[in-house]
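Okay, everyone, thanks for coming. I'd like to walk you through a structure, so let me put it up on the screen.

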Amino acid sequence: MVSEIWTEKYRPTRFTEMVGQDNTLKRVESLTKTNNIPHLLFAGPAGTGKSTLALIVVKELFREDWRENYLELNASDERGINVVRDKVKNFARTKSLGSVPFKVIFLDEADALTPEAQQALRRTMENYSSTCRFILSCNYSSKIIDPIQSRCAIFRFKLLEKKDIEKVIQKIAEREKLSITPEVVEMLYEGCEGDCRRCINLLQATAAISPSINADLVSTIISNTKPKDIKIVLDYAIAGDFQRSRDKLLDIMLKESISGQDVIKSIQKEIWNLPVEPEIKVKLTEKTGEAEFRIVEGSDPFIQLQALLASFVLAGLGKG
Amino acid sequence: MPWVEIYRPKRFSEIKGQNDAIEKIKIFLKNFQKGKKALMLYGPPGTGKTTLAYAAAAETDSEIFELNASDLRNKEKLKAVLGPALEQMSLTNDNKIILVDEVDGISKEDWGGLPELVGFLEDANWPIIITANDIWDKSFSALRKECELVQLKEIDYKTIKDVLIAILKKEDKFMDNNLLTGISVKAKGDLRAAINDLQIAVGMEDPSKILENDRNKEVDIFNALRVIFKEKPNDNTLRIFDSVNMPIDQIMLWLEENIPAEYKGAELQKAYDALSMADVFKGRIYKQQYWRFLVYENILLSYGIASAKDGIKRGFTNYKKPERILKIWLNNQRTAKKVTIARKYAQHVHIGQKRAMFEFPLLRLILKNPEARKELKLEKEEEEYLDRQN
């Protein structure tokens, strides 16, 4: 069945269909051809082809039996390393089908695991090394512990360049009979920042409104689907309207499902753009750090954030 | 959205249980001319004061011009706020009603300019409506003389019950008759409280539990809040929570909700410092199971917050029931489907659920396509969620 979700419909299924990542691509392809791969570590930003390449590798290895020999897990979704270990154990217990003597486990977002969980993962990798190969993906290889890195062949993925993104857009536009202008390509490239998944999603979301796409439409979609800004919360606080500031805070946290820690991160960056004296900025930063510490320690995020907003109200009055 | 907002009456004809007041307001508006007294609607919480003011505006095709506490500080401030509106009026000739909502909730320092306001507005061309809970405090006597008083009575339980039944019908929900009577009686004339209780009860596994959470408790908590926010801290402040028949975690929510109603500026910050530190100790108790920390949590919440103010506070403050938990609960109800859709999508396109949640605004547009919905095997409720929000 052909998918109606374009990131799936246009996901490359062979090495030759992939765009960008030339070096990585060649090396992974030649490894796969030997029918025997080591553990692999794919490191790079979102939407650059890590999962896609993992899928191509297993399809190349196992052909039509790939589904039976492939397990996909997401480290940020699975509750704890024990769940990962159990699933791996169940999957690795039976022998692989076909001519390749191992199965493949793809563990996405492996850098979401704590260092302790990664140690446990390392042991699991060793225990099943005769029957399983792991492909790990992460945004930053520095967040993967050394013992795992040393057991893997590491491949780096770069953000896609404009010419690659353009290729993808043109191909989809042609097949879906969309009319697009050169500015649209420019706008999509800027909007997705080299993330191919986001680019295709933006394109499909825009096409859902109209098949004749112009730059204005794309820019409207980009700004309408951007997560709401925490800045407005601080603006109210600095202006002295505490009530509205905290109502807005709860509203954004609930609607966008963002955590207290995410909010703190944005606040910390936003302090430097506030119209207050330098010494007050330092004091506010200290307060923000303390609030973050308390939240990490297990305090109620909303209470700590309210206390922080009260400090911003005071800062707005010119006091620290 | 809370039902109290969704089902807030828009017209006089939709307002139940306040026919006398409506007649008086009609007469007031009909006979209104420049230089007349202001109208003051007073009565207990949840009897429809603000609703009546807005309905009055709708009936006369007027726009509400609401003044808030800080506008009332002095004449200059007032002129600055009203000036542009005055000019606007002369251009468009639109009707306006000036609303000063919950005048007794305004703190003393903001309140000083109020008699001045009334004098000033007598020269204006618009009717003024003031709402208040309790106007018999001595400090209100000057204002009282300047106004035409309309008292709102507690709404009787049968009327409340009728309103609840009407809401249930519109929501297509059912509830046991005895339970409805229980909720209506328990509200003690406060229609807003009854509707809030109804909305919570409908979502509970065992709705009859709503009656256990008796509003009597709130008499104690209101008293405790008054002591903490208004009085000078003393030894009794330390023991104030003993008289409150409510777990400390819940008391904390009440304090959190109402601090900004009383404190401003530096007071606000000090009070939140105490509250947030109390919360830190609460966390330490749970983590370490070391219950002596409760002493610190208690002192910070009572004496700590009480000592954040300079001197004492006067006047009546209409403390609000904590809304945060209700809002979170409502939001979870609303977004439950969002989570399941994101999970299906995440598995289908090989990404994590968190990223799927992050990309949801785009996903919403992509899933306008019925074929894509079929592909994800979305349930009927999930499709309804996508359609509703568009």
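Predicted model: local features only at pLDDT ≥ 70, side-chain atom pairs only at ≥ 80, totals over all residues.

B:Asp172 lies in the loop between helix 8 and helix 9 of chain B, where helix 9 covers 177–186. Here, too, we have a residue other than glycine with a positive phi, near 60°. B:Asp172 has 6 C-beta neighbours inside 10 Å and therefore counts as exposed.

Okay, let's zoom out to chain A. Of its 320 residues, 40% count as buried. If you take the contacts in chain A with a separation of 6 or more, 75% of them are between residues 24 or more positions apart.

Now a helix pair in chain A. Helix 8, residues 182–192, packs against helix 10, residues 215–224, at an angle of about 15°, and the axes are 8 Å apart. Angles under 35 degrees count as roughly parallel, so that is what we call helix 8 and helix 10 of chain A. The crossing of these two is right-handed. Who meets whom? On the helix 8 side of chain A we have A:Glu183, A:Val184, A:Met187, A:Leu188 and A:Gly191, and they meet A:Ala215, A:Val218, A:Ser219 and A:Ile222 in helix 10 of chain A. By class, that contact between helix 8 and helix 10 of chain A comes to six nonpolar residues, two polar and one charged.

Let's look at a helix pair in chain B as well. Helix 8 of chain B, residues 157–171, and helix 10 of chain B, residues 191–203, pack at an angle of about 40° with their axes 10 Å apart. That makes helix 8 and helix 10 of chain B oblique to each other. Their crossing is right-handed. From helix 8 of chain B, the residues involved are B:Ile160, B:Val163, B:Leu164 and B:Ile167, meeting B:Leu191, B:Ala194, B:Ile195 and B:Leu198 of helix 10 of chain B. For the class tally of this contact between helix 8 and helix 10 of chain B, it's eight nonpolar, no polar and no charged residues.

Staying in chain B, let's turn to the sheet. What is the strand order? It's an open sheet of five strands in chain B, ordered 2-3-4-1-5, with parallel pairing. Strand 2 (62–67) and strand 5 of chain B are at the edges with a single partner strand each, so one side of each has no neighbour in the sheet. From one strand to the next, the twist averages 25°.

Strand 1 of chain B, residues 38–42, is mostly covered, with four of its five residues buried. On one hand, strand 1 of chain B runs parallel to strand 5 (residues 147–151) of chain B, joined by five bridges, and B:Leu41 stands opposite B:Val150 there. On the other, strand 1 pairs in the parallel sense with strand 4 (residues 128–132) of chain B over four bridges. In that pairing B:Leu39 stands opposite B:Ile129, and B:Leu41 stands opposite B:Thr131.

Last stop, the interface. Here 40 residues of chain A are in contact with 37 residues of chain B. Which element gives the largest share of the side of chain A that touches chain B? That's helix 15 of chain A, with nine residues. By class, this side of chain A has 15 nonpolar, 15 polar and 10 charged residues.

Methods:
Residues numbered from 1 in each chain as written. Chains lettered and ligands numbered in written order. Buried ≥ 20, exposed ≤ 12 C-beta atoms within 10 Å, placed from the backbone. Pairing = 2+ DSSP bridges. Axes fitted to C-alpha atoms, helices over the stretch in contact; angles between N-to-C directions. Parallel < 35°, antiparallel > 145°, perpendicular 65-115°, else oblique. Left-handed = near helix turned anticlockwise from the far one by under 90°. Contact = placed C-beta atoms within 7 Å. Nonpolar A, V, L, I, M, F, W, Y, C, P; charged D, E, K, R; others polar.
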